[in-house]
Amino acid sequence: MKKRKSNRNPEKNTAKSDYKIYLFAFIGEMLVLCGTLSVFSLIIVKSGIPSGIIPFFSIFSFAVSAFAAGFIAVRPKRKNGIATGFISAIPVMAISAAFIVALNGGSISYIFIITLVSQVLCSMAGGVTAANLRKKVR
């Protein structure tokens, strides 16, 4: 008996699973971003921190969420940590860039550049961290 050839394209399956991974990373990144922004807003309201520190809280929040996106996206496959980590953070980088430019009245400031650079570096670091973690051996 001859084996039956399957019409399934393995590249199509991996592309579909990649979309799911990136979507899951985006959702995780947004949850982490909302959580860190909420914690920092609570700190700002309760402690009366000066307004000069507020942009650095937002930079830190975006950096932590980018790290989480890179980590979440790379963790299932544990391959291509830098590239996958970077790709997973692109949607929130675009959203943050649009908000920062809109809040600054269309001008680009040092906060804009620092935020984007920190997001790129942290998303790649999250991807590398997830790729280099070892599986637990029992």
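**Exercise 1. Which residues of α2 are buried, and how does the span of α2 compare with what you'd expect?**

Start with the rules: buried means under 20% relative accessible area, exposed over 50%, and partly exposed in between (1.4 Å probe, protein chains only). Helices (H or I, at least four residues) and strands (E, at least two) are DSSP runs, numbered from the N terminus. Going along α2, the buried residues are Phe-57, Ile-59, Ser-61, Phe-62, Ala-63, Ser-65, Ala-66, Ala-68, Ala-69, Gly-70, Ala-73 and Val-74.

Now the span. The expected value is 1.5 Å times one less than the number of residues. With 21 residues, α2 should span 30 Å, and its end C-alpha atoms sit 31 Å apart, which agrees.

A word on what you're looking at: this is a predicted model, where local features need pLDDT of at least 70 and side-chain atom pairs count only at pLDDT 80 or more, while totals for chains, interfaces and linings use all residues. Residues are numbered from 1 along each chain as its sequence is written, and side-chain values use heavy atoms, with hydrogens and water left out.

**Exercise 2. Work out how many helices and strands the chain has, and what percentage of its residues count as buried.**

Count the elements: there are four helices and zero strands. Read from the N terminus, the order is α-α-α-α.

**Exercise 3. Find the aromatic pairs and describe the one between Phe-40 and Phe-57.**

Rings of Phe, Tyr and Trp (its six-membered ring) pair if their centres lie within 6.5 Å; planes under 30 degrees apart count as stacked, over 60 as edge-to-face and the rest as tilted. Searching the whole structure turns up three aromatic pairs. For Phe-40 and Phe-57, the ring centres are 4.5 Å apart and the planes are at 0°, so this pair is stacked. Phe-40 belongs to helix α1 (residues 10-47) and Phe-57 to helix α2 (residues 54-74), so the pair ties together parts 17 residues apart in sequence. Check the accessibility too: Phe-40 is buried at 13%, and Phe-57 is buried at 18%.

Next, look at Phe-67 and Phe-71, a stacked pair with 6.5 Å centre to centre and 20° between the planes. Those two are four residues apart in α2, which puts about one helical turn between them. Phe-67 is partly exposed at 33%, and Phe-71 is partly exposed at 25%.

Finally, ring pairs join Phe-40, Phe-57 and Phe-60 into a cluster.

**Exercise 4. What lines the largest pocket?**

On a 1 Å grid over the protein atoms alone, a pocket is an open set of points where a 1.4 Å probe fits, with protein on both sides within 12 Å along at least five of seven lines; lining residues have an atom within 4 Å of a point. The largest pocket comes to about 300 Å³, where volume is the space filled by probe spheres set on the points, joined across faces, edges and corners.

It has 16 lining residues, and the closest to its centre are Ser-58, Phe-62, Phe-99, Ile-100 and Leu-103. Elements giving two or more residues are α1, α2 and α3 (81-103), with α3 supplying the largest share, six residues.

Sort the lining by type, and you get twelve nonpolar, four polar and no charged. Here Ala, Val, Leu, Ile, Met, Phe, Trp, Tyr, Cys and Pro count as nonpolar, Asp, Glu, Lys and Arg as charged, and the others, Gly among them, as polar.
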